[in-house]
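Open your viewer and get ready to select residues by number. We will go stop by stop, and each stop tells you what to look for.

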Amino acid sequence: MKTPPFIFLALLTSCFASALIPRASAEKVDPACNRVRFQATAPGKELELVGGVFQGSNTSRYEGYEPLVEIKEAPVKGQWGEIKIENKKVYRWVRFVQPKTTTGKIAKVEFYTGDLLLGGEDKGMKINFFKDDVDDTTIIGYDLFYIAAAQRPAFFPADVTLNGPTEVTIKSNPGATIRYTLDGTWPTAEHGETYTKPIRVEKNTTFSAMAISPGQAPGLLNTITYLVPEGRKQGLKTAGIGNSLTGTTSGFARFARTAGYDQKTDLFLRPGALTREQWALATGEYAKDKVANAKEELARKRGSQTWEEYWKGIDKVDVLTLQPRDFDLAKEIDAEINFIKLFQQKSPEVQPWLYCEWVEQKRQRPSDRGDVPSYQMKKTFPALTWEESMSAMLLYVEELQHRLTAQYSVGKRPRILPSALAMGWMKNHIDSGKFPEGKPGMFYPLLFHDQVHPAAAPTHGSANGGHLVDLTWYAAFYKEAPEGKVLPIETTYTPAQAKFVEKLAWDVIKNYPDCGLYEEGKEPCGKPEFANDGKRITLKSSTPGAWFRYTLDGTEPTRTRGYVYCGVISVQPGIQVKAVAYKSGMADSVVNVMAP
């Protein structure tokens with residue numbers, strides 16, 4: 001499989017981590033943090049730093065922090081302050097906790113061992129912290145895995161396609177203990193087998209391995225799946241155009257491989273890019289804009305493929321994913337049609353998919369404000385909760401699909417990949433206490449790396465968020481349930497949680513008609529029932545597992561018209577709620593109307 005062309009800091013992928021890991025053995029220094037520098041966000045704010053504490057942890061990015069030093073005096077106005085620390089303990093995770101701030105921003109901080117910068121704007125991997133579901137703007141931290149942990153294990157042979165029984169060797173730092181599992185779970189010092197000698201592989205086998213060195217934090221996880229001729233299944237060839245949220249799915253091929261599929265994926269990514277900006281790169285128009293060209297040159301310096309390099313490596317593909325996010329619908333549609341036509345030149349039977357992403361934590365898109373027109377209803381309303389934002393984003397993609405197919409009908413009709421629904425329901429299940437061994441408020445800490453990017457690699461602490469998204473891709477593209485097939489590699493889910501996530505992903509894809517798996521039935525679903533506490537409306541049906549579509553303007557909903565329900569409807573002035581229940585294998589319910 002080709003390396004996805006996006007090795008740059010903005011995406012913070014496992015590719016980036018791999019580039020850094022060798023430094024653990026290359027830099028012969030004592031990595032104990034013994035000096036810190038700090039500066040206020042603006043002159044005159046120095047007193048906000050007093051009482052701030054520097055901490056270190058070898059437990060995890062969120063827990064187990066021990067105090068290093070406290071700021072007792074404010075630095076000189078406009079200057080950096082500095083404190084030396086009597087510390088010889090090596091910490092993998094370091095952070096600064098600022099006790100008070102009026103600016104809403106945290107200070108600039110740098111962590112050193114002697115004169116060597118360990119963590120700061122130019123080094124280390126920045127960590128986003130969440131207090132429940134709220135981004136904690138009083139904490140800034142860095143993961144120093146490249147210098148403060150055992151080297152990531154390496155597997156031999158490196159070729160993952162075996163011709164027959166093979167001895168597999170795992171290596172890491174001299175003196176490190178390697179722990180591994182074969183069931184997709186995350187190995188730890190207490191969980192998994194200890195590697196002592198080469199392991200004979202005679203069937204499809206997935207290894208998850210981690211190295212542990214005395215006195216250091218756990219090293220980065222590494223995974224690999226070996227496929228043997230008898231167990232190897234023909235996989236899909238997929239291509240994707242998008243930004244870092246398409247980059248979230250860089251693990252899709254790894255997950256599909258654990259189910260035995262020899263999956264191939266090629267992604268062309270640029271941070272924050274709209275589809276029309278990607279098309280400008282493909283046509284050379286991008287280079288005519290000085291600012292845009294400068295951004296592209298920076299991306300290339302960070303290891304990104306040029307469009308020419310990417311397109312040259314593209315052969316026939318089965319699936320093309322596009323990531324619509326431009327609320328200028330005409331421009332978005334033009335760019336998508338251009339890409340579909342281009343890929344059809346090499347792959348006339350390619351199946352295009354419109355990847356419905358989620359929104360940022362602050363939810364400030366036009367879809368959140370109810371400003372996106374919809375052919376399905378006369379009027380749309382603002383999304384007042386995360387769940388409703390997911391429904392509103394899907395409504396935007398459905399509007400775009402409706403207009404796109406009216407303009408271009410050559411080849412297979414583009415389908416919608418509703419990954420946003422999985423995110424919306426995941427948050428609702430967590431906050432309502434239905435997620436196994438979970439607690440309300442853990443949605444962002446559990447699934448996200450920052451305010452918009454799901455954790456999608458071990459460098460993020462896990463691939464929990466990316467796993468959920470990738471399972472929706474697996475279910476849609478391979479048209480089968482991931483349960484019992486796809487292993488939860490790189491996730492920290494318990495067995496019960498992993499099973500829950502697998503079922504959720506399949507439920508979303510199976511019950512979204514546009515994915516092509518929906519089955520008609522004769523027995524109707526039980527009609528929607530409303531519960532209204534004056535602030536929020538919830539729906540239920542006598543049919544277990546029923547889905548709902550609803551409208552707020554009095555339009556008659558169907559299973560393909562209206563907002564897709566994700567667990568909550570906000571009470572707003574002027575709404576007239578109508579809802580329909582549906583489920584694959586059954587007939588739709590009658591429409592029910594909520595009393596005023």
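## Stop 1: helix α12 and its partners

Select S419, A422, M423 and M426 in α12, then G465, L468, V469, T472 and W473 in α14: these two groups meet. Here, contact means heavy atoms within 4.5 Å. By class, this contact of α12 with α14 has six nonpolar, three polar and no charged residues. Ala, Val, Leu, Ile, Met, Phe, Trp, Tyr, Cys and Pro count as nonpolar, Asp, Glu, Lys and Arg as charged, and the others, Gly among them, as polar.

A word on what you are viewing: this is a predicted model, where local features need pLDDT of at least 70, side-chain atom pairs count only at pLDDT 80 or more, and totals for chains, interfaces and linings use all residues. Residues are numbered from 1 along each chain as its sequence is written, and side-chain values use heavy atoms, with hydrogens and water left out.

Now show both helices whole. Select residues 419-431 for α12 and residues 464-478 for α14. Helices (H or I, at least four residues) and strands (E, at least two) are DSSP runs, numbered from the N terminus. What is the angle between α12 and α14? They pack at about 135°, with their axes 9 Å apart. Axes are lines fitted to C-alpha atoms, for helices over the stretch in contact, and angles run from 0 to 180 degrees between N-to-C directions. α12 and α14 are therefore oblique to each other. The cut-offs: angles under 35 degrees count as roughly parallel, over 145 as roughly antiparallel, 65 to 115 as roughly perpendicular and the rest as oblique.

Which residues meet here? L421, A422, W425, M426 and H429 in α12 meet F500, V501, L504 and V508 in α15. By class, the contact of α12 with α15 has eight nonpolar, one polar and no charged residues.

## Stop 2: two loop residues

Go to E437, in the loop between α12 and α13 (443-447). Its phi is near 55°, a positive value in a residue other than glycine. Next, find E490 in the loop between α14 and α15. Phi of E490 is also positive, near 70°. E490 is buried, with a relative accessible area of 3%. Buried means under 20% relative accessible area, exposed over 50%, partly exposed in between (1.4 Å probe, protein chains only).

## Stop 3: a parallel sheet

Show strands β20, β19, β21, β22 and β23. They form an open sheet in the order β20-β19-β21-β22-β23, with parallel pairing. Two strands pair if DSSP finds at least two bridges between them. β20 and β23 (415-417) stand at the edges, each with a single partner strand, so one side of each is left without a neighbour in the sheet. Neighbouring strands of this sheet are turned by 25° against each other on average, direction ignored.

Zoom in on β22 (residues 351-355) and β23, which are joined by three bridges. Select W353: its bridge partner in β23 is R415.

## Stop 4: helix α6

Select residues 275-283 for α6. Its buried residues are T275, Q278, A280, L281 and A282. What do they pack against? Their neighbours are β19 (233-242), β20 (261-269), α7 (290-301), α8 (307-313) and α9 (329-346). After α6 comes G284, whose phi is positive, near 90°.

## Stop 5: antiparallel strands

Select β6 (residues 108-113) and β7 (residues 116-119), an antiparallel pair joined by three bridges. They form a hairpin with two residues between them. In the turn, G114 has a positive phi of about 65°. Y112 stands opposite L117 in β7.

Move on to the open sheet of four strands, in the order β15-β14-β17-β18, with antiparallel pairing. Its edge strands are β15 (193-194) and β18 (222-226). Inside, five bridges join β14 (residues 177-181) to β17 (residues 205-212). Select I178 to find its bridge partner in β17, A211.

## Last stop: a cis peptide bond

Select F156 and P157. A cis peptide bond joins them, with omega about 5°. P157 lies in the loop between β12 (154-156) and β13 (166-171).
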